[in-house]
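Subject: Handing over a structure for you to look through

Dear colleague,

I am passing on the structure below, and after it you will find my notes on what turned up when I went through it. Please keep it open beside the text as you read.

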Amino acid sequence: MRARPLDRLALDRPALGPRASGGGLLTGALRAFVGLALWAVSGLAATPARADTSSRSTDPAALTARPEPRIGSPLPEIAAVFPGLIVHGSGVWLQHRNQTAQRLLVLEGAGLFTTFLSGFVLFQTGAARNLVGPTALGAVAGVGTFGVSFLANVYATWAPPEGFGQAQRRLPLLESRFGYLYVYDPQFDFRHFVTTRVDGRLGPWRLGMGTAHAPAQGNQRLELFTGHRFLGPRADSTTAAADGSYLELQLGFSEHRFDSSGFVSRVVESKLEGRVDSARYLPDVHGAFFQLEAGYARQWFSFDLPGVGTTTATSLLLAHMGFGVYLGNRAPQAAGPTGGEVELYYDHRHDGFAAGLKVRGLGSGPAGHLGLSGSYQFSPRWGLRAQTEFGSAWTLGLSAVIRAGVR
Amino acid sequence: MTRTIALVFALGASGCLRPTEERVRQDLQVGKSTFGTFSVEVDEGHAAVRELSATRLALWAAAPRFSVSLDWQSEAPDELSVEVQNCMPQAELRVDPRRVPVISSERSSTGACSFRVGPIGAERALRLLVAPPGTEAPSPFRFAVMSDVQEAIPDVQDIFSLLNQQPGVDFLLGAGDLTEQGTAPELERFQRELEQLDIPYYTTLGNHELGESPTLYQRYFGRGSQSFEYRGVRFTLLDSASGSLDPIVFDWLDAWLALGAGQPHVVAMHVPPLDPVGVRNGGFANRNEAALLLARLASKGVDLTIYGHIHSYYHFENAGIPAHVSGGGGAIPERFDDMGRHFLLVDADPLAERLAVSIVRVD
């Protein structure tokens, strides 16, 4: 490790220096907001050519080429956590990766700006009924952006230059799962579920269903969904996608029967789901992704009890923000792709098993739940998927994955 | 092995999955106190013990009618002074056994009733009933509803003075958020403000009472979850301040719903199970739990649900039960709703099984 004088450090960060010091609060906030917009646009609408250069490079030298760090390991890794929690990009800045540090800082700023702006509007309007939908979505996006920015900051510092794996760039025609789900919800007696899921794809279209069934505990859940993929990996394309980024419109229906409690929940939902591979926004950060989702749902509770036969309608704001890491080499091979991914996420759903977070203080109720999911294909056909979520309930699921139509 | 791991995780997680458990345990202690060998227990926690000495018992009434058991392990004092704050006008004290007389009875201008009981003689146990006469049998009456005062405590007299002008209101029912942070000075200030209200105030807590200590509220106002009957109408107040009911409260609720069968039943809580604006989710954290609660209330014939938390007024139906959200006590209002501060008046006629709700605007 070479010692570097302070004046030299300042000279080494031209990308951060003038911008970070220039302008007032408003300018910084506007820049952060523009940054958020640019992040989303650049990620989701990037041209394949650009994606090719950013993430499809197979030249190991291009992936691993990094500047001489300002300070050696493990200080950047430590700095990524603190002060990285407050100043995102601290770790990579110490690794002399100025552009990445700058972009993480912009992402953090965008998250904070959106959070405070949404909070301000919520406070000033008293969460007015006609404004609360988009404003709450803004709050979730803001907090979520801050969260994924921090995770990206840690990953960018800690992970090897090539990451831990690559995205799956071509999907199977059919994926089915069979597994077990444990649910601990203090309000309900059910605990053990058998789960199944079938997900078929043809061109840009997707059709699937999932079930969760507690045989002796009077609880069943059925999900039907369809989707249209505008961008990203597909099942039947002759060429693999540039990376794992995608944009998909989904429509879904779920029926959750609580027969022993006398009610049924039915949800019809529409959402836009997307993924942005990290290298699209952070060119030297490979093997990770940002997961995004926003939508709206209508929910109907049907009560079927002695003397009661009525339905109550309500609505749901759907939002999901996560940061994930690819595992293994999923590039097409003769035997087909293997490998997988893990994702840490926040999901704003208040239905389903996990529902919203409960806290001891003032703010119980509005927040959704946290989750960690992971999947891995040990062979092109066989794999495993695990998922845990924590909200009003704690869930842990494990299922076998069987794929067909893998190219 | 899998079961063991799952159980360990489940137990670890249960602290956050049951955020109201500590308050529920504290509910069970409300109305109980000892001083040496002198012990007091208020039935069903319908009053909080504010002060207890050898010769004096001070209570904060949390229900219009309540009974108290007094026990002395050694010799009882000759006389006992009983003060009931937040007392119903016209409330009387009856002592069992009747041979122990009530020496004096008076009501102060601050809404407190003071009684002197004695000579107690050789008695080692007494039962006290504090209640206004004629309120056991069903008869029409009126009560008011107000919630969500929070930081507007200094302005709450605007509401109280208008409430005092309303004819025939027997008590004010609250659905929480009396204060901004639930600190002791705020709770004391609110109780001082209540001295200007001509009628008693029975309430549950809101999420804003959880700012300092989860159980401080109960020292001042009593149980978060409780149920009482008045003039043939059952009232059940539930602690939903954390956007959830504790499973123990669900068990209590079953018993209260059974008690309320065949009579008008009003259920009030702070956080509504379902926010009428779903995307805001100012309701329970878990929609399934919300439906579970509504299914219980509907199946047992609850006639009216009253909520706070949302700083506006909404009238809707949940599981077929009429629901009123009334958060007009002065906290930061929901904008663009043309509502402002308000309270509700409910005309209850248990004989006709009718509960008619009207709104009174303050601003």
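Two residues are taken to be in contact if their C-beta atoms, placed from the backbone, lie within 7 Å. By that rule, the contact between the two chains takes 50 residues from chain B and 49 residues from chain A. On the side of chain B that touches chain A, the elements that give two or more residues are α1 (2-17), α7 (287-299) and β18 (313-318) of chain B, and α7(B) gives the most, with nine residues. The residues on that side of chain B divide into 25 nonpolar, 17 polar and eight charged.

Please bear in mind that this is a predicted model. The model scores ipTM 0.92 and pTM 0.90, while chain B has a mean pLDDT of 94, with 96% of its residues reaching 70 or more.

Next come the sheets of chain B. One open sheet has six strands in the order β14-β15-β16-β17-β19-β18 (chain B), with mixed pairing, and its edge strands, each of which pairs on one side only, are β14 (226-230) and β18 of chain B. Neighbouring strands of this sheet are turned by 20 degrees against each other on average, direction ignored. Within the sheet, strand β17 (residues 304-307) of chain B runs parallel to strand β19 (residues 321-326) of chain B, and three bridges join them; here I306(B) stands opposite H324(B) in β19(B). Helix α6 (residues 247-259) of chain B packs on the sheet, where it touches β14 and β15 (233-238) of chain B, and its direction makes about 170 degrees with that of β15(B). The edge strand β18 of chain B is also among the elements that give two or more residues to the side of chain B that touches chain A.

A second open sheet of chain B has five strands in the order β13-β12-β11-β20-β21, again with mixed pairing. Its edge strands are β13 (201-203) and β21 (354-361) of chain B, each pairing on one side only, and the twist averages 25 degrees from one strand to the next. In this sheet, strand β11 (residues 141-146) of chain B and strand β20 (residues 342-349) of chain B run antiparallel and are joined by five bridges, with D347(B) in β20(B) as the bridge partner of R142(B).

In chain B, strand β1 (residues 32-35) and strand β2 (residues 38-42) run antiparallel, joined by four bridges, and they form a hairpin with two residues between them, where G36(B) in the turn has a positive phi of about 60 degrees. In chain A, eight bridges join strand β10 (residues 369-377) to strand β11 (residues 382-390), which run antiparallel, and a hairpin through four residues joins β10(A) to β11(A). β11(A) and β12(A) form a further hairpin, with three residues between them, and nine bridges join β11(A) to the antiparallel strand β12 (residues 394-404) of chain A.

Finally, some places deserve a careful look at the backbone. Most residues other than glycine have a negative phi, and most peptide bonds are trans.

Although D177(B) is not a glycine, it has a positive phi of about 60 degrees, and it lies in the loop between β12 (169-174) and α4 (184-194) of chain B. Is D177(B) buried or exposed? D177(B) has 28 other C-beta atoms within 10 Å, and a residue counts as buried at 20 or more, so D177(B) is buried. N281(B), found in the loop between β16 (265-269) and α7 of chain B, has a positive phi of about 50 degrees although it is not a glycine, and N281(B) counts as buried because it has 26 C-beta neighbours inside 10 Å.

With best wishes

Conventions. Residues are numbered from 1 along each chain as its sequence is written. Chains are lettered from A and ligands numbered from 1 in the order in which they are written. This is a predicted model: local features need pLDDT of at least 70, side-chain atom pairs count only at pLDDT 80 or more; totals for chains, interfaces and linings use all residues. Ala, Val, Leu, Ile, Met, Phe, Trp, Tyr, Cys and Pro count as nonpolar, Asp, Glu, Lys and Arg as charged, and the others, Gly among them, as polar. Two strands pair if DSSP finds at least two bridges between them. Axes are lines fitted to C-alpha atoms, for helices over the stretch in contact, and angles run from 0 to 180 degrees between N-to-C directions. pLDDT is the predictor's confidence in each residue, from 0 to 100. A residue is buried if 20 or more other C-beta atoms lie within 10 Å of its own, exposed if 12 or fewer, and partly exposed in between; C-beta atoms are placed from the backbone.
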